[in-house]
Amino acid sequence: MDHTAYRHALAAELRGSELPFSEAEFAGRRQKVRDAMSAAGLDALLLTDPADIYYLTGYHTFEVSVHACLVCAMDRLTLQVPSIETGPAVVTASVDEVLGYHWECLDEVITPLCDVLANYRCIGIDGWSAGLRHEVIIRLQARLNVERFQESGALLDHIRIVKSSLELNCLRESARITATGIRAALRVIRPGVTDNAIAAEGARAMLAAGSEFMSMQPIVTAERRISIIHVNHKRFTIDQDEPVFLEFGAAYQRYTAPMMCTAVAGRASDEMRVLRDLCRELFETLCAAMRSGNRFSDAALAAETLLAPWSEQIFFSGVFGYAVGAQFPPSWVEGSGYIARSQHAIFETNMVFHLPICLRLPGRWGIGISDTVVVTSAGAVPLTDNSWQLQEMPTA
């Protein structure tokens with residue numbers, strides 16, 4: 001049985017059986033996108049980001065390293081996937097047509113995709129998407145004429161960044177599961193335990209509580225390694241009175257509400273407590289400024305003013321928040337919005353951001369605490385339930 005026969009046989013029994021949301025939810029999303037396309041003069045969108053494809057169709061798989069794309073036109077949705085992904089396409093996606101290609105033969109991608117796109121004069125693409133392969137777009141432009149393609153990555157970002165009530169419920173459920181993992185991991189922190197053991201307990205608890213495969217696995221580092229951004233557990237043993245940094249994010253219907261906390265395997269120093277207090281002040285300052293109608297840069301500059309006296313001692317990434325929603329590995333960062341001094345977009349009600357407040361003393365340690373928050377007219381309100389305490393874990 002080849003992949004086409006497999007697709008048809010599977011569709012006869014299980015078509016749409018794992019569609020994550022109702023057809024009405026997807027219809028509403030598509031209408032918003034098509035209205036924006038019409039305003040922009042686009043006949044079609046060529047989408048290659050797994051999260052964008054999921055947002056409009058429900059299509060999901062853990063194999064996101066292969067070429068897949070969605071052609072969203074005014075009256076039709078065409079999903080192109082490799083042969084090994086025709087199963088997920090049948091059971092998880094709501095589309096008008098599925099095109100398969102042998103996953104080992106990328107040359108098979110171009111001709112059928114050209115046949116679909118040939119019907120449209122103005123095609124929007126996201127040139128910044130990691131899923132848009134250079135060779136694919138170069139060949140499409142050579143066959144169809146480069147003038148047909150127009151950079152349109154911001155179009156879907158502007159829609160996805162504001163969450164529906166259904167999306168907010170998914171993020172709340174992720175927040176609940178994330179907190180379960182954080183609490184479980186905290187219970188095993190003590191001198192002599194490895195960072196791997198802490199991460200393992202957090203992952204176990206989140207999976208047991210209902211998390212799907214996560215967009216990023218649990219992050220656990222201790223003492224000096226906290227001062228290094230984006231390293232992770234690596235068989236290091238926790239020592240007495242060392243700070244331990246946790247950052248977890250469970251996935252529920254692919255939506256992730258991350259949370260950070262810092263614990264100490266023993267007693268915290270006064271210096272650690274001072275940085276914890278600064279983290280909390282930054283968070284409260286940001287939340288107060290994250291009112292609908294304010295600019296992203298307004299919130300960032302308010303936080304930077306508070307952080308300025310520490311600028312020679314502490315490293316901070318410069319991004320006080322990033323939008324989160326439905327995502328796939330390798331990251332839960334949605335990419336539709338960032339809270340930083342250079343970003344002048346306007347906050348709108350029901351935008352959701354993770355505020356990753358991690359203050360690092362290079363080569364020594366760091367303190368990181370965060371919540372995922374939703375924007376309201378009065379400021380940002382947490383979806384996660386961080387205590388904002390520096391957790392001191394008894395060692396006796």
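## Polar contact at Gln 240

A polar contact is a pair of N or O atoms within 3.5 Å, and residues adjacent in sequence count only if both atoms are side-chain atoms. In this predicted model, the side chain of Gln 240 makes such a contact with the side chain of Asp 241, at 3.1 Å.

Gln 240 belongs to the loop between β7 (219-222) and β8 (243-248). Its relative accessible area is 45%, so Gln 240 counts as partly exposed. Leaving aside residues up to four places away in sequence, Gln 240 touches Pro 191, Ala 265, Gly 266 and Thr 395. Ala 197 is 43 residues from Gln 240 along the chain, and the C-alpha atoms of the two are separated by 16 Å.

## The five-stranded sheet

An open sheet is built from 5 strands with antiparallel pairing, in the order β13-β12-β14-β15-β16. The edges are β13 (333-339) and β16 (379-382); each has a single partner strand, so one side of each lacks a neighbour in the sheet. On average, neighbouring strands of this sheet are turned by 40° against each other, direction ignored.

Within the sheet, strand β12 (residues 321-324) and strand β14 (residues 352-361) run antiparallel and are joined by 2 bridges. Tyr 322 has His 354 in β14 as its bridge partner.

## Helix α3

Helix α3 covers residues 50-57 and is mostly covered, with 7 of its 8 residues buried. The buried residues are Ala 51, Asp 52, Ile 53, Tyr 54, Tyr 55, Leu 56 and Thr 57.

After α3 comes Gly 58, which has a positive phi near 90°.

## Helix α10

Helix α10 (residues 270-289) has 20 residues. At 1.5 Å a residue these should span 28 Å, and the end C-alpha atoms are 29 Å apart, which agrees. The expected value is 1.5 Å times one less than the number of residues.

The buried residues of α10 include Leu 275, Leu 278, Leu 282 and Leu 286, together with Met 272 and Phe 283. Also buried in this helix are Arg 276, Cys 279, Cys 287 and Ala 289.

Conventions
Residues are numbered from 1 along each chain as its sequence is written. This is a predicted model: local features need pLDDT of at least 70, side-chain atom pairs count only at pLDDT 80 or more; totals for chains, interfaces and linings use all residues. Side-chain values use heavy atoms; hydrogens and water are left out. Two strands pair if DSSP finds at least two bridges between them. Helices (H or I, at least four residues) and strands (E, at least two) are DSSP runs, numbered from the N terminus. Axes are lines fitted to C-alpha atoms, for helices over the stretch in contact, and angles run from 0 to 180 degrees between N-to-C directions. Buried means under 20% relative accessible area, exposed over 50%, partly exposed in between (1.4 Å probe, protein chains only). Contact means heavy atoms within 4.5 Å. A polar contact is a pair of N or O atoms within 3.5 Å; within protein, one must be able to donate a hydrogen and the other to accept it, and residues adjacent in sequence count only if both atoms are side-chain atoms.
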